[in-house]
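Me: I am new to this structure. Can we go through it in short questions and answers?

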2 protein chains.
Amino acid sequence: MRLFISREEHLRRTALARAEARRRGQDALVLFSPAQIFYLTGFVFIATERPIALIVAGDSMVLFVPRLEEDHAVAHAVVDRVVTYPEYPAETHPMLHLAELLGSLGLERAQLGADGDGYPGIMGYRGPRLSEVLPDASVRLMRDLVEEMIMVKSEEELALIRESARWGNLAHALLQEYTRPGVIESEVSHRASYDATVAMVRALGPQYRPLSWTFPGARAGYRGQVGKQSAIAHAMTTNARIQAGDVLVTGASAAVGGYYSELERAMVVAPVTDEHRKFFSLMLGAQDTAFEAIRPGRPCGEVDRAVRAFFEKHDLMPYWRHHVGHAMGIGIHEAPFFDIGDATEMLPGMVFTVEPGIYVPEFAGFRHSDTLVVTESGFEMLTYCPRDLESLTIAG
Amino acid sequence: MRLFISREEHLRRTALARAEARRRGQDALVLFSPAQIFYLTGFVFIATERPIALIVAGDSMVLFVPRLEEDHAVAHAVVDRVVTYPEYPAETHPMLHLAELLGSLGLERAQLGADGDGYPGIMGYRGPRLSEVLPDASVRLMRDLVEEMIMVKSEEELALIRESARWGNLAHALLQEYTRPGVIESEVSHRASYDATVAMVRALGPQYRPLSWTFPGARAGYRGQVGKQSAIAHAMTTNARIQAGDVLVTGASAAVGGYYSELERAMVVAPVTDEHRKFFSLMLGAQDTAFEAIRPGRPCGEVDRAVRAFFEKHDLMPYWRHHVGHAMGIGIHEAPFFDIGDATEMLPGMVFTVEPGIYVPEFAGFRHSDTLVVTESGFEMLTYCPRDLESLTIAG
């Protein structure tokens, strides 16, 4: 069992990115996005005020990092060379060191494809644009180049997302088991996450690497969607005490080799009312409608269109708050989106969440989220937690 | 006891930002950064592919959010008005809705100060620049305007950071208590974080809000800096088993009303060797050197310069990896920096970490981080965990 992306796959990705850059008339790529750098090199780092950049040149991959990350990058990044600069802000701005490095690679007057015109303003960073420090080069923005590669997952990637789904499911099962009237939402969330992580670490053994610094294990919890607050799709935790009659909306995942899945469930603490049953059932209907619309070759937007039609038909538009889902894998949200405005064609290997939600203000919110992969003939579910109300009822 | 920033303080901040924008000749500010929006409005949200923007006009504060965030923003944001757009990507791009909103506020040809020329590329977002959708306006970048306000903390802010330090200290004490040879780093990290969060939630009661979605409680842990890997300053967890003789580098904090502190300690699992003692003592000397250089009115860079001189004097430059520290509060790193390249004047109310580290490859890393606030006469420590080796030795 391999719990990380192989060196061979990283080399394949790099070769593809290089070929595509050439096809687009570029001499090299300069990438600043942590996700794109991770995708091509396998190097996970804490993105701080210190810029990190990857140069994909014609014949070499060079990773540009602060001194702080040198040993870490040398040990983990699939690149030909690691070049360091001292620090940010320091006496010489890192972007000037980067310009010098690009010059030494013969790229001072080159056609450069970049995912951004400089390092983004993370954690107080400020600095010049790439095009400012390399005035004789031509910098063309093409964040889509690697982003489009990221959209279609390989077998190795799907294996990590499946592994993530397994441990997200354990965390979710424990969360449900620990939840009962009187407990505080954040306590059961932490407890389920802790117990699932302990099991995961022991089951997978020393080869297991989350490759995530914000999320180093398995996790399940409520993030504030408890009782009336479940109607706030992106609520923040209020440490509420769970009460009889509450609707709860969960979230669960696990980090495996830098990859994620997403599992969310609406649950009801007994007593279950007819109102609960009605909206729960409509939510299931909306999710089923989405599943039926997923087919390779179709535009992503059709899935959202089908669900919106379902909402219209059942007079649910006052309770509509967001599109049906998003791609994911490395990021917890990635493009493309199941959204009427997204014409991207669904392709085998694309991984999506399917999570239409119904939010009834001052009453409750209802949302399941499942992760699936588009296949040649339709899709395959990657999450597998029961979806029905009976299975998701907490004893009151 | 108040565990959040008051409405009055938010109104004061807004008045200041508005006055400063006017002084700089701007008719309004348009802000896209989640940290700056939180600072002015108190609204914490999950930043996704859906743009959120705050308009600080001459006489009103308008928050522009996706439909998803409407009820949430109405309930929590200190603004005059919440205006929504349906979704991203949707059929009409949100930036066009934003342009329309700015037009309706009479700002179509205005002087606009902005913290970025459009929404950053978060979670697969793509879109036009603000200056593209408002071609008759003049957009000037001034991310520093609010950033400079954020640099100097008020009494209300310091109270939240002090509260954070208290619970970070508990998590850290539990982490130390649970650590012994044979345990897995991520297990004790999760266990300490869980137990500290339970205590915190019960001690502070229902008024406690972390106002953080990635970090909803107290936390302490190792993040990979265990044994030889402690020499990698920004390591990622490998779920290592802790062994006799290991050096460990911890990290602890808690989210309180959207504010954070930072506490880190080097610890040694017995038996403690002379080599441990030597580098531990030098690390303490470097931190003391930094403390001595902190004085209001001086440039931030002097603190780093003093510590680098200490490193030179003790032949430690081969083990130097990063500057001395960074401001913090809302962000886990904020500008300015204790870095030779930062000439910002230290001012009373600025909150910094002080964390010079010594990293000896293939042996161990040594770093304490403490959070302090600059005062009229020097500084006041906000973290208070023992710093000496004896207190930080784990029985072998």
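Me: Which residues does Ser212(A) touch, leaving out residues up to four places away in sequence?
Reply: This is a predicted model. Contact here means heavy atoms within 4.5 Å. By that rule, the residues touched by Ser212(A) are Ala255(A), Tyr260(A) and Met236(B).

Me: Is Ser212(A) buried or exposed?
Reply: Ser212(A) sits in the loop between helix H8 (185-204) and strand S7 (218-221) of chain A. Its relative accessible area is 5%. Buried means under 20%, so Ser212(A) is buried.

Me: Which backbone nitrogen does the side chain of Ser212(A) reach?
Reply: The distance is 3.2 Å. A polar contact needs N or O atoms within 3.5 Å. The backbone nitrogen belongs to Phe215(A).

Me: What kind of axis relates the two copies?
Reply: Chain B can be laid on chain A with an RMSD of 0.0 Å. That takes a turn of 180 degrees and a shift of 0.0 Å along the axis. The copies are thus related as by a two-fold rotation axis.

Me: Why do the copies meet through the same surface?
Reply: The contact involves 74 residues of chain B and 74 residues of chain A. Of the interface residues of chain B, 100% are also interface residues in chain A, so the surface is the same. The value behind this is 100%.

Me: What area is buried between chain B and chain A?
Reply: Carbon and sulfur atoms give 58% of the buried area. In chain B, Tyr194(B), His234(B) and Met236(B) lose the most area to chain A, together 11% of what that side buries. The area buried between the chains is about 6,500 Å².

Me: How many salt bridges are counted between chain B and chain A?
Reply: Asp71(A) forms a salt bridge with Arg321(B). Their closest N and O atoms are 3.5 Å apart. The cut-off is 4 Å. Between chain B and chain A, the count is 8 salt bridges.

Me: Which element gives the largest share of the side of chain B that touches chain A?
Reply: Across the interface, 26 residue pairs are in polar contact. Elements that give two or more residues to the chain B side include helix H3 (70-76), helix H8 (185-204) and strand S12 (334-338) of chain B. The largest share is 10 residues, and it comes from H8(B).

Me: Which parts of chain A does the salt bridge of Arg367(A) and Glu264(A) tie together?
Reply: Their side chains meet at 2.6 Å, N to O. Arg367(A) lies in strand S15 (residues 364-367), and the pair ties together parts that are 103 residues apart in sequence. Arg367(A) counts as buried at 3% relative accessibility, and Glu264(A) counts as buried at 10%. The parts are strand S15 and the loop between strand S9 (251-254) and strand S10 (266-269).

Me: Where does Glu355(B) lie?
Reply: Glu355(B) and Arg367(B) meet in a salt bridge at 3.9 Å, N to O. The pair is 12 residues apart and links distant parts of the chain. Glu355(B) is buried, with a relative accessible area of 8%. Glu355(B) lies in the loop between strand S13 (351-354) and strand S14 (357-360) of chain B.

Me: What is the relative accessible area of Gln287(B)?
Reply: Gln287(B) is found in helix H9 (residues 274-293) of chain B. Gln287(B) touches residues including Val354(B), His368(B) and Arg387(B). Gln287(B) is buried, with a relative accessible area of 0%.

Note on methods. Residues are numbered from 1 along each chain as its sequence is written. Chains are lettered from A and ligands numbered from 1 in the order in which they are written. This is a predicted model: local features need pLDDT of at least 70, side-chain atom pairs count only at pLDDT 80 or more; totals for chains, interfaces and linings use all residues. Side-chain values use heavy atoms; hydrogens and water are left out. Helices (H or I, at least four residues) and strands (E, at least two) are DSSP runs, numbered from the N terminus. Buried means under 20% relative accessible area, exposed over 50%, partly exposed in between (1.4 Å probe, protein chains only). A polar contact is a pair of N or O atoms within 3.5 Å; within protein, one must be able to donate a hydrogen and the other to accept it, and residues adjacent in sequence count only if both atoms are side-chain atoms. Copies are superposed by least squares on the C-alpha atoms of residues with pLDDT of at least 70 in both. Buried area is the accessible area (1.4 Å probe) that two parts lose on being put together, summed over both.
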